[in-house]
Amino acid sequence: MSKERLVSRRARRQRYRLRQGKNSVRLSVFRSHQHMYAQIIDDRKRTTLVSASTLDKELGKTLKTGGTIQSAQKVGELIAQRATSKNITHVVFDRGGYAYHGRVRALAESAREGGLSF
């Protein structure tokens, strides 16, 4: 099996487990080679409530590149700041089939430090 297919299978399996819970608001993470993206999605309404990425103008000035652990930490801080301003404090973490390691872990930990609980 190809790497993309394995990632999509893990993501599908994880999202199935997330749907079993009662909370419908999830923090979804997408990781590319050059950038990190995070969204807080309400699955019941099917809308994106808050988003942040390394491409945001606020972070573009301070980051040298978007594919590092430090940039993932900045995205985590930014998503937590935006979420708390909209009174979102509890989410379910959707790592999207990626291993909880490296940039994904850095984003999650900085979002927790910023005030999100999951």
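A: Two strands are counted as paired if DSSP finds at least two bridges between them. The model described here is predicted. The strands concerned, β2 and β3, run antiparallel and are joined by six bridges. They form a hairpin with four residues between the strands, and in this hairpin arginine 46 adopts a positive phi near 60°.

On to the next pairing. Strand β2, which spans residues 36–42, also pairs with strand β1, residues 25–31, in the antiparallel sense, and this pairing extends over seven bridges. Here phenylalanine 30 is found opposite tyrosine 37 of β2.

The whole sheet can now be described. It is an open sheet of four strands, arranged in the order β3-β2-β1-β4, with mixed pairing. Because β3 (47–53) and β4 (92–94) each have a single partner strand, they stand at the edges, and one side of each is left without a neighbour in the sheet. On average, and with direction ignored, neighbouring strands of this sheet are turned by 20° against each other. As a general point, the side chains of a regular strand alternate between the two faces of a sheet.

Helices pack against these strands. Helix α1 packs on the sheet, where α1 touches β1 and β4, and its direction makes about 170° with that of β4. Helix α4, made up of residues 103–113, lies across β1, β2 and β4 and runs at about 145° to β1.

Helix α1 (residues 3–20) also has a part in the largest pocket, giving the most to its lining, with six residues. That pocket holds about 310 Å³ of space. Its lining consists of 13 residues, and those nearest the centre are Lys3, Val7, Arg31, His33 and Tyr98. Sorted by class, the lining comprises five charged, four polar and four nonpolar residues.

Finally, there are the contacts between charged side chains. Side chains of opposite charge can pair when their charged atoms come close. Six salt bridges are found in the structure as a whole. In one of them, the side chains of arginine 82 and aspartate 56 meet at 3.2 Å, N to O. Since arginine 82 belongs to helix α3 (residues 69–85) and aspartate 56 to the loop between β3 and α2 (57–60), the pair ties together parts that are 26 residues apart in sequence.

Definitions and conventions. Residues numbered from 1 in each chain as written. Predicted model: local features only at pLDDT ≥ 70, side-chain atom pairs only at ≥ 80, totals over all residues. Heavy atoms only, no water. 1 Å grid on protein atoms, 1.4 Å probe; cavity = no way out; pocket = protein on both sides within 12 Å on 5 of 7 lines; lining within 4 Å. Points joined across faces, edges and corners; volume = space filled by probe spheres on them. Helix = DSSP H or I, 4+ residues; strand = E, 2+ residues; numbered from the N terminus. Nonpolar A, V, L, I, M, F, W, Y, C, P; charged D, E, K, R; others polar. Axes fitted to C-alpha atoms, helices over the stretch in contact; angles between N-to-C directions. Contact = heavy atoms within 4.5 Å. Salt bridge = Lys/Arg side-chain N within 4 Å of Asp/Glu carboxyl O.
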